[in-house]
Amino acid sequence: MSQMQKILKLNRWDFPYLVGCTLTGWVLGVTIVLVIMAISWEPGDGYAAFGVIFALIGAFVGILTPGGQFGATSFSLAVSMGQTRRSFLLWDTALRLAECLGAAALLAVLWAVEERIYVLLYPGEHNALGPSSSLLVTPAVLLVLLGTAAGLLVCHLILTALMVALGRKGYVAFFTPFWLSSLVISPSLNAVEQGESSLLAWIGRGILALAGFLVTPAGLALLVLAAAAITAVCLRYLLRAPVRL
């Protein structure tokens, strides 16, 4: 119990920091949507819940940099000051999981609030990005919340392991795939929407097919197995990783 109290005391600002990052992203996203709709919106265009997307990005940043520092820094400091790797990983992973669950629940609330704002301002319009949100506790909602929390936790472990192994290069190795995908996904999906037969359209159809598969029971099972395998690899490495200060 004393160990848990010590960990909570040392990380007491992590969750407020995470909430701050999430809310900042949400406010920015909602503001952008309202400005765009005030300038160019016409009845029938619908609305896009960008606020929750920006909030997810904020939560992503908050989980990857708990308390404003990377997990690799916390790991190296803890081990160099005498804490065992096993103890650090046990308590840190448990704490991050709790934070990820809290962030996922906050995202659900922000999504519902955002949609309520648009419904009041633009009655009769629909969410152009997909289904509307719901705070009803259903199996689907719980699955989304747990999946979001697990995804954030796995990303935290991956970045921590990469930066412990590679230093600052690990940061580049982690974010490069996200940067490259951002350059491909939107143009390829737009090519599919335009009915093109280009390479980008072919990639876009592949992305849509993969997304459709991942929401099936088989796809979800595959995601769970992949997340478990990645988590096991990261933890196994960190249990014997050298300390970098």
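1. Rings of Phe, Tyr and Trp, the last represented by its six-membered ring, are taken to pair if their centres lie within 6.5 Å. On that basis, a search of the whole structure, which is a predicted model, finds 9 aromatic pairs.

2. One of these pairs joins phenylalanine 60 and phenylalanine 174, whose ring centres are 6.2 Å apart and whose planes make an angle of 20°, so that the pair is stacked, the limit for stacking being under 30 degrees. Phenylalanine 60 belongs to helix α3 and phenylalanine 174 to helix α7 (residues 168-193), and the pair therefore ties together parts that are 114 residues apart in sequence. Phenylalanine 60 is buried, with a relative accessible area of 17%, and phenylalanine 174 likewise counts as buried, at 6% relative accessibility.

3. Phenylalanine 60 also pairs with phenylalanine 175, here in an edge-to-face arrangement with 6.3 Å from centre to centre and 85° between the planes. Since phenylalanine 60 lies in helix α3 and phenylalanine 175 in helix α7, this pair ties together parts that are 115 residues apart in sequence. Phenylalanine 175 counts as partly exposed, at 25% relative accessibility.

4. The crossing in which α3 passes α5 is right-handed.

5. As for the residues that make this contact, Phe50, Gly51, Val52, Ala55, Leu56, Ala59 and Ile63 on the α3 side meet Arg96, Glu99, Cys100, Ala103, Leu107, Leu110, Trp111 and Glu114 on the α5 side. Sorted by class, the contact of α3 with α5 has 11 nonpolar, 1 polar and 3 charged residues.

6. Turning to the chain as a whole, its secondary structure comes to 9 helices and 0 strands. The C-alpha atoms fill a box of roughly 65 × 40 × 35 Å, taken along the principal axes, and of the 245 residues of the chain, 33% count as buried. Among contacts in the chain with a separation of 6 or more, residues 24 or more positions apart account for 75%.

Definitions and conventions:
Residues numbered from 1 in each chain as written. Predicted model: local features only at pLDDT ≥ 70, side-chain atom pairs only at ≥ 80, totals over all residues. Heavy atoms only, no water. Left-handed = near helix turned anticlockwise from the far one by under 90°. Helix = DSSP H or I, 4+ residues; strand = E, 2+ residues; numbered from the N terminus. Contact = heavy atoms within 4.5 Å. Nonpolar A, V, L, I, M, F, W, Y, C, P; charged D, E, K, R; others polar. Phe/Tyr/Trp six-rings, centres within 6.5 Å; stacked < 30°, edge-to-face > 60°. Buried < 20%, exposed > 50% of the residue type's maximum accessible area, 1.4 Å probe, protein only.
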